[in-house]
Amino acid sequence: MIFDTHAHYNDKQFDNDRDELLRSMPDHGIGLIMNACSNLGEIPQIIEMCEKYPHVYGAVGIHPEDAEGITDNYLDILTRYAAHPKIKAIGEIGLDYYWTTETKAIQQRILGEQVDLARKLHMPVIIHDREAHADTIRILSEHRVSECGGVFHCYSGSAEMVRTVTEELGMYVAFGGAITFKNAKKPCEAAKAVPLDRLLIETDCPYMAPVPYRGKRNSSLYLGEVIGKLSELLLMPPDEIERITLENGRRLFGI
Ligand code: NI
């Protein structure tokens, strides 16, 4: 059974076949899915999917690209939704300096606030870190993320940084389609550096489809490619990767 620890099935790209696709997942070995959240507007649909499909769970949080324009009471709204029994994490939250360096200050503020919230609610965080490694690690450390735990999703740091993330911050590290790309030397080295009890897999679908589907709409059905690549890198059978990442995901999210 496979656990896709990061997906966006509320995305418009699934509007035509969402129900059919999600319903079919267990038949294809996808036993658990964590749907991440980017802004308050997405939450009702995320909850609806949690309630409709036994294998779908959710997170609530404000993505750094949605940091601008948040309302003053956003933490109260997140708190209310986080009480739902199938909401298991605060995320995805983090820093993204690739598109939006001009919003650095507000991104940093709401990241810290949301880590504090996660600690208060005893929930793990799902971290998005793009071109912002140093600030992300600093803020997570200042806000004592090790007390609530969490995951660096679609990990893009170095193998060296893996040690900081897993040992100092006590977090998990997730890999998706990017490790199958031709120029993926850095994430592949990083994957080899992750302790086996900290490793997770994800799609980030509809984005980041693995080779040979690169550029197409991604879904959990393509996770076999990611498992195959990890099996090659870690010299372990695919079903062992599947078992370990499932166990890790369950432990992290308390499922
Ligand atoms: Ni995502």
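Analyst: Helices here are DSSP runs of type H or I with at least four residues, numbered from the N terminus. The model is predicted. By that numbering, G254 belongs to the segment that follows helix 9 (238-253). G254 is exposed, its relative accessible area being 53%, which is above the 50% cut-off for that term. From G254 to K104 the C-alpha distance is 32 Å, and the two residues are 150 apart in sequence.

Helix 4 covers residues 104-121. Its 18 residues should span 26 Å at 1.5 Å a residue, and because its end C-alpha atoms are 26 Å apart, the model agrees with that expectation. Among the buried residues of helix 4 are I110, L111, V115 and L117, together with Q107 and R119. The buried residues of this helix pack against helix 3 (74-82), strand 4 (87-96), strand 5 (125-130) and helix 5 (133-142). H122, with a positive phi near 55°, follows helix 4.

The nickel ion has H6 (NE2), H8 (NE2), E92 (OE) and D204 (OD) as its protein donors, at 2.1 to 2.3 Å. Along the chain these donors are spaced as H-x1-H-x83-E-x111-D. H6 lies in strand 1 (residues 2-7) and D204 in the loop between strand 8 (199-201) and helix 8 (223-234), so this pair ties together parts 198 residues apart in sequence. H6 and D204 are both buried. The angles among the four donor atoms run from 84 to 175°, and the site is irregular.

How values were computed: Residues are numbered from 1 along each chain as its sequence is written. This is a predicted model: local features need pLDDT of at least 70, side-chain atom pairs count only at pLDDT 80 or more; totals for chains, interfaces and linings use all residues. Side-chain values use heavy atoms; hydrogens and water are left out. Helices (H or I, at least four residues) and strands (E, at least two) are DSSP runs, numbered from the N terminus. The expected span of a helix is 1.5 Å times one less than its number of residues. Buried means under 20% relative accessible area, exposed over 50%, partly exposed in between (1.4 Å probe, protein chains only). Contact means heavy atoms within 4.5 Å. Donors are N, O and S atoms within 2.8 Å of the metal (3.2 Å for Na, K and Ca); water is not among the atoms, so sites may look incomplete. Four donors count as tetrahedral if all angles lie between 85 and 135 degrees; four count as square planar and six as octahedral if opposite donors are over 155 degrees apart and all others between 65 and 115; anything else is irregular.
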